Amino acid sequence: MQPGRIYLDNCVTTCPAPEVLAAMQPYLQEKFWFPGTFISTGESTNEMISRSQQLIADTLGAKPNEIHFTSGGTLANNIAIKGLANAYKQQGRHIIVSVVDYPDLLTNAAYLEKNGFEVTYLSSDSEGFISLEELKNAIRKDTILFMTTYVNHTVGTIQPLSEIKAILDSADHKIYFHLDAGQGYGKVPLKVNELGIDTMSISAHKIHGPQGIGALYQKTGTKLAQLIHGVKRVDNLQTGGLGIALIAGFAQAAELVCSDFERNTAYLRELSNYLLEKLEKEIPFVELNGPRGEKRAPHNINVSIDFIEGEAITMMLDQKGITVATGSACASEGLKANYILMAMGKTHIQSHGSMKFTISRYTTKAELDETVQALAKITQELRNRSPLYLAMNKEK
Amino acid sequence: MQYSQKVLDHFMHPHNVGKMDNPDAEATEGSPACGDQVTVYLKVNDQTKTIEDISFLSYGCASNIATASIITDMAKGKTLEEAKNITWKDAMDALDGLPPVKVHCSVLAADTLQSAISNYEIEHGLKEVPDFGKATIEEELKKIIYPQVGEDIIALKMVKYIGFQDGEVTIDLNIMKFDQWRDNIAEEIREHLMKYPDVKKITINLP
């Protein structure tokens, strides 16, 4: 971590833990070998990969051979979604997703839509929960796949997976269930055997692991049509080479966040509650986006700050050494308001003024104090420049 | 994509910011829905027609605030005729450039300055309210920047046809279906033209 910088954008990526870097080190140097059979070098790597699969599988309530390493969450999502759709297209070509899902899911849905599949997009309520009523009504005889995002990457909403699964099971045929758990893994309880998930993606760098490695959970018996063809080095689904050291680092990160899950998540929850309370107390006209309390992931706080624009806020905080994110169109590559907030029925102004703070195990209360103090000052400064704030004061 | 030091300086410590009491003219452009809105206030010497004081308010991003700051610096002390020649390109050059995707934010500040000057001239009988027609539409389209390259859509020959009849504006655009900015441009054209009371309907044709 850059010394002195306060980093509150942990939903995008997290700082690798020192334990993770230490676990990776041997595999970057003396133990760099790809897996192989019979010879000691390859067998040593086989053994590390098996151990890593076992460890990650244990954290998820899965079997080791159900864990496939991929070069990230997006690859895992692609292999699963396109793989499921193509494997089961003889049984139907209808897919269900929601408008508040992660871009990986939505772009895959759009791709499939262009290639002979039909997609139903469920709407969201004002807190980012998908409509279960619409899900019930959307199921058809030819529905083969439902996919969703466990924890929303913008507002931290936790989708009610058990209720969703019950609806899928009430259909008179099998509907495959793919879950993007990039934001959920290590933050909210997640046991695939209890939830009845068929495929799922997770990512190492969201939990203090290295960037460039993720995993795909594939329930035993679930078929996936091959997406990537090539030489098998590490995995049969993502063929080709994969960073061996990254796998070692991923397993270490999984152990770190899941071995003491209750304490870790309680710490995140305590900090995010503290942050929200301070924001609401010290800055006027601040509104929480997404649910309050236990239905929200413990590391996410997203608020709209009225009368000012988020890119300006993030730039000012950045100048003070604080990294946060905004849903402002002006800060997005496509110059569009945040699609999650818009789908939740927020206004353009609420989206442009939205600020997302995502904390990690390394965040401290002192950092949050400093952030809110800086933000309060910035907010006042930008409001003094804002014609909207002036107009509001005039009306009063 | 990074801001120049000059942009950051003007953004962090803007010049001429704040509401002006009893201005001789003012103008507000943009809308909160688009993410930026600027108000410019002018104090003009009645005899010399010199801009003696100028200030702005901005609901917008760093680029928007920095451009409003520098453009008000540039206009201060100039006659209205001189200030009319200040363009968003001048402001952008003075800021040591802007990332292409941010150029459209700088146009708004320049546009608001010109509107404030125009309002002064209309209010003081120096010019008539211009008739709305194809020329006005073309002027508005020159303010719409294609974010990929930071040039306006007229200069880039993206506008194939402009028509105006019985309150209906018709614009044919040469922007392909796969272009990621297609919807942004169409939306921005509507926002620019809807503010004119003469415009009752806007039809934008895309290939």
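1. Gly243(A). Leaving aside its neighbours within four places in sequence, Gly243(A) is in contact with Gly212(A) and Ile213(A). Two residues are in contact if their C-beta atoms, placed from the backbone, lie within 7 Å. Gly243(A) sits in the loop between strand E8 (214-218) and helix H8 (244-258) of chain A. Helices (H or I, at least four residues) and strands (E, at least two) are DSSP runs, numbered from the N terminus. Gly243(A) counts as buried because it has 20 C-beta neighbours inside 10 Å. The cut-offs are these: a residue is buried if 20 or more other C-beta atoms lie within 10 Å of its own, exposed if 12 or fewer, and partly exposed in between, with C-beta atoms placed from the backbone. From Gly243(A) to Asp58(A) the separation is 185 residues in sequence and 22 Å in space, C-alpha to C-alpha.

2. Basis of the note. This is a predicted model, in which local features need pLDDT of at least 70 and side-chain atom pairs count only at pLDDT 80 or more, while totals for chains, interfaces and linings use all residues. Residues are numbered from 1 along each chain as its sequence is written, and chains are lettered from A and ligands numbered from 1 in the order in which they are written.

3. Chain A as a whole. Chain A has 14 helices and 13 strands. Its radius of gyration is 22 Å, close to the 21 Å that the globule rule gives for 396 residues, so chain A is as compact as a globular protein of that length. The radius is taken over C-alpha atoms, and the rule is 2.2 Å times the number of residues to the power 0.38. Along the principal axes, the C-alpha atoms of chain A fill a box of roughly 75 × 55 × 35 Å. Of the 396 residues in chain A, 51% are buried. Among contacts in chain A between residues at least 6 apart in sequence, 71% join residues at least 24 apart.

4. Domains of chain A. Chain A is divided into domain 1 (18-258) and domain 2 (261-395); such bounds come from an automatic or database domain assignment. The C-alpha centres of domain 1 and domain 2 of chain A lie 30 Å apart. In the contact between them, 18 residues of domain 1 of chain A meet 22 residues of domain 2 of chain A. The domain 1 side of that contact divides into eight nonpolar, eight polar and two charged residues. Here Ala, Val, Leu, Ile, Met, Phe, Trp, Tyr, Cys and Pro count as nonpolar, Asp, Glu, Lys and Arg as charged, and the others, Gly among them, as polar.

5. Helix H9 of chain A. The 22 residues of helix H9 (residues 261-282) of chain A should span 32 Å at 1.5 Å a residue, and the end C-alpha atoms are 31 Å apart, which agrees. The expected span is 1.5 Å times one less than the number of residues. Buried in H9(A) are Asn264(A), Leu268(A), Leu271(A), Ser272(A), Leu275(A) and Leu279(A). Seen down the axis of H9(A), these buried residues fall within an arc of 95 degrees, so they line one face of the helix; the arc is that of the directions from the helix axis to the C-beta atoms. They pack against H8, strand E9 (286-288), strand E10 (300-305), strand E13 (354-358) and helix H13 (365-385) of chain A. The face of H9(A) turned away from the buried side carries exposed residues, including Glu262(A), Arg263(A) and Lys281(A).

6. Domains of chain B. The assignment for chain B gives domain 1 (5-123) and domain 2 (134-205). Their C-alpha centres lie 23 Å apart. The contact takes eight residues from domain 1 of chain B and seven residues from domain 2 of chain B. H5(B) gives the most to the domain 1 side, with four residues. By class, that side of domain 1 of chain B has five nonpolar, two polar and one charged residues.

7. Interface of the chains. In the contact between the chains, 25 residues of chain B meet 20 residues of chain A. On the chain B side, helix H1 (5-12), strand E2 (36-44), strand E3 (51-59) and helix H2 (62-75) each supply at least two residues. The chain B side has 15 nonpolar, eight polar and two charged residues.

8. Positive phi in chain B. Most residues other than glycine have a negative phi. Phi of Asn22(B) is near 45 degrees, a positive value; Asn22(B) lies in the loop between H1 and strand E1 (25-31) of chain B. Phi of Asp96(B), also positive, is near 65 degrees, and Asp96(B) is in the loop between helix H4 (88-94) and helix H5 (103-123) of chain B. Asn22(B) counts as exposed because it has 6 C-beta neighbours inside 10 Å. Asp96(B) counts as exposed with 11 such neighbours inside 10 Å.
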